[in-house]
Every structure is written in C-alpha cells, then in structure tokens.
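Try each task yourself before you look at the solution.

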Amino acid sequence: MPGREAAVHPLPSYSSERFFLLSELKVDGVQVKSLDGSVYQERRSDEVEEEPTFAVVYMIWRQSSGIAKAVGDLDALVKGCLPRTPNSIALFVESHNEPLPENSEDDKASGETPKPVNAEESEAVSVAKALIERIDERYPKLHSRVVGVSDHTAACPVLEECVNFSKTITGTHALQFVIRGEVDMIGLDGKGREPDAVEGVNQWLVGDKTPAKAGGTNDCGDVNDDDEPAAWGMFEWAMMILMVAILMRFAAFA
C-alpha cells in the first residue's frame with residue numbers, strides 16, 4: 001500500500017555462506033522454480049502433495065545496471081508467480097554496489113579492518129530505497145518486500161532473510177522459491193569462485209524485516225537464548241523413554 005515504510009536495518013560485517021543457505025531452503029521443503037527452466041527443485045517427498053500457495057521472488061541485482069533493469073526483471077518474476085494474489089508474494093532483491101575505496105578488495109586482502117559506512121552516507125542504500133518506492137508503486141499489496149545492500153558480490157544478506165522468512169511461513173503454507181535462472185542460485189561470482197562466507201562487508205536490509213523465530217538467530221547471527229525451546233518431537237520423547245527404561249533396569253540390579 002502507498003506510504004509503506006522502507007526501514008533500514010544495519011547488519012553485521014560478515015555474511016553467511018550461500019550454498020549453506022540454499023541447503024536450508026531444501027531442508028525446509030521449499031520448491032524452487034526458475035523462469036528459464038535451468039533450475040527446478042521439487043518439494044521433499046515426505047511433504048504433503050499440494051501446489052505451493054505462497055511465493056518468494058528472489059533475484060540478484062548489480063546496482064550499476066540501473067533501476068529500470070531491476071524493475072523489468074521483477075515484473076517477469078511476479079508474472080511467473082501468477083495466479084497467486086499479490087498478498088501471497090514476498091519479494092527479495094540482493095543488490096550489490098561497487099565497494100568504496102577504503103573497502104577495496106586490496107584492503108580486505110591485506111587484513112586491515114575496513115572502515116564501516118553509515119547508512120546515511122551510503123549512496124547504495126539510497127538507490128535501494130528508490131527501488132523500494134518503484135516496487136510499492138507497481139505492487140502496493142505485496143506481502144513483503146526487502147532489498148539488501150552489500151559491497152561484496154559473495155555476500156548474500158537477502159538470501160539469509162529468505163531462509164528466515166521460509167522458516168516462519170512453511171509451517172502454514174507450501175512455499176515456492178521463484179528465480180530468473182542459475183545466476184540467482186550461484187551468485188554473481190559464478191562457478192569460478194567458491195561462495196564462501198565473507199567478512200569486512202558493509203551491508204543493510206531495506207524494507208520489511210522478518211521477525212526472528214524462537215530458536216532462530218538475532219541481528220548478529222547468534223542464537224536467541226531468550227526464546228522458548230522448541231517442542232519435543234516423537235524422536236526426542238522416544239529417546240527419553242529409552243533412557244528411563246535403561247536407568248530403571250540398572251536400578252533393579254543394584
């Protein structure tokens with residue numbers, strides 16, 4: 001809806017490993033669909049067979065290619081989610097900008113601590129806000145929209161946000177992950193570079209941020225110790241009953 005807030009959320013200066021995050025989506029039973037047909041992943045075989053009712057649109061965008069290019073690609077992705085209604089579509093954009101001189105690759109390779117950049121000083125954050133405005137104009141009823149900003153092509157803060165979102169949604173909705181093609185899976189560095197976790201990165205999320213789930217991670221990537229523990233499943237109860245039986249048997253022989 002018009003006037004939605006585009007809040008800026010600063011993130012830690014390190015990023016998770018891309019393939020680990022993709023494996024988390026697979027564990028969550030998320031179906032993956034690419035518009036060019038190069039990537040397709042069915043939901044887990046133990047999941048209930050049903051058409052995914054909720055769609056997560058995800059793409060990687062180099063800011064130097066311009067906002068018009070991003071909007072055109074997003075239009076194609078949203079059309080690929082039809083006939084779902086906009087309020088069952090969440091949009092995530094991984095945007096990369098060129099690193100500032102003091103945060104160059106040479107500085108990072110030298111082991112020097114890069115100079116942090118404030119969101120107010122970052123032109124890339126302003127560009128992300130401008131893209132959010134265009135998204136809100138075109139799709140005012142989206143469930144949520146997030147644009148990530150980072151100055152390292154291996155960083156993937158928005159993909160991590162997709163995983164957080166998946167964990168809040170998959171309990172009630174079957175989820176489909178919609179991308180353009182392989183580049184949105186392997187990242188801008190392609191197959192020529194291991195998609196390792198990186199440090200010394202300036203990064204933010206702009207838009208709607210997913211609240212952390214119980215037992216999930218907080219803004220620093222640490223486990224939320226204050227959250228209520230997850231309920232035990234059948235396996236945990238079976239192990240507890242087995243341990244009690246063993247202890248009672250030993251007590252009988254004592």
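## Exercise 1: Helix α2

The buried residues of α2 are Ala-70, Val-71, Asp-73, Leu-74, Asp-75, Leu-77 and Val-78. Keep in mind that this model is predicted.

**Task.** Find out what covers these buried residues of α2, and compare the helix's reach with the expected one.

**Solution.** 
- Step 1: Look around the helix. The cover over the buried residues of α2 includes β4, β5, α4 and β7 (175-179).
- Step 2: Check the length. With 13 residues, α2 reaches 18 Å from its first C-alpha to its last, close to the 18 Å expected at 1.5 Å a residue.
- Step 3: Recall a general point about spacing. An α-helix has 3.6 residues a turn, so residues three or four places apart point the same way.

## Exercise 2: The nonpolar cores

**Task.** Which residues have the most contacts inside the largest nonpolar core, and which element gives the largest share of this core?

**Solution.** 
- Step 1: The largest nonpolar core has 26 residues, and Leu-74, Leu-91, Val-93 and Leu-131 have the most contacts inside it.
- Step 2: At least two residues of this core come from each of β4, α2 (67-79), β5 (89-96), α4 (123-138), β6 (144-150) and β8 (203-207).
- Step 3: The largest share, six residues, is supplied by α4.
- Step 4: Take Val-93 as an example. Setting aside neighbours within four places in sequence, Val-93 is in contact with Met-59, Trp-61, Leu-74, Leu-131, Val-146, Val-147, Gly-148 and Val-158.
- Step 5: There is also a second, separate core of 25 residues, which includes Val-56, Phe-92, Cys-156 and Val-158.

## Exercise 3: Aromatic rings

**Task.** How many aromatic pairs does a search of the whole structure find? Describe the pair of Phe-54 and Phe-165.

**Solution.** 
- Step 1: The search finds three aromatic pairs.
- Step 2: The rings of Phe-54 and Phe-165 are 5.7 Å apart, centre to centre, with 50° between the planes, and the pair is tilted.
- Step 3: This pair links distant parts of the chain: Phe-54 is in strand β4 (residues 54-62) and Phe-165 in helix α5 (residues 157-169), 111 residues apart.
- Step 4: Phe-54 has a relative accessible area of 4%, so Phe-54 is buried. Phe-165 is buried too, with a relative accessible area of 4%.
- Step 5: Ring pairs join Phe-54, Phe-92 and Phe-165 into a cluster.

## Exercise 4: Cysteines

**Task.** How many disulfides does a search of the whole structure find, and how far from Cys-156 is the nearest cysteine sulfur?

**Solution.** 
- Step 1: The search finds zero disulfides.
- Step 2: For Cys-156, the nearest cysteine sulfur is that of Cys-162, 10.0 Å away.
- Step 3: Cys-156 counts as buried, because its relative accessibility is 1%.

Definitions and conventions: Residues are numbered from 1 along each chain as its sequence is written. This is a predicted model: local features need pLDDT of at least 70, side-chain atom pairs count only at pLDDT 80 or more; totals for chains, interfaces and linings use all residues. Side-chain values use heavy atoms; hydrogens and water are left out. Rings of Phe, Tyr and Trp (its six-membered ring) pair if their centres lie within 6.5 Å; planes under 30 degrees apart count as stacked, over 60 as edge-to-face and the rest as tilted. Helices (H or I, at least four residues) and strands (E, at least two) are DSSP runs, numbered from the N terminus. Buried means under 20% relative accessible area, exposed over 50%, partly exposed in between (1.4 Å probe, protein chains only). A nonpolar core is a set of buried Ala, Val, Leu, Ile, Met, Phe, Trp, Tyr and Cys residues joined through side-chain atoms within 4.5 Å. Contact means heavy atoms within 4.5 Å. The expected span of a helix is 1.5 Å times one less than its number of residues. A disulfide is a pair of cysteine sulfur atoms within 2.5 Å.
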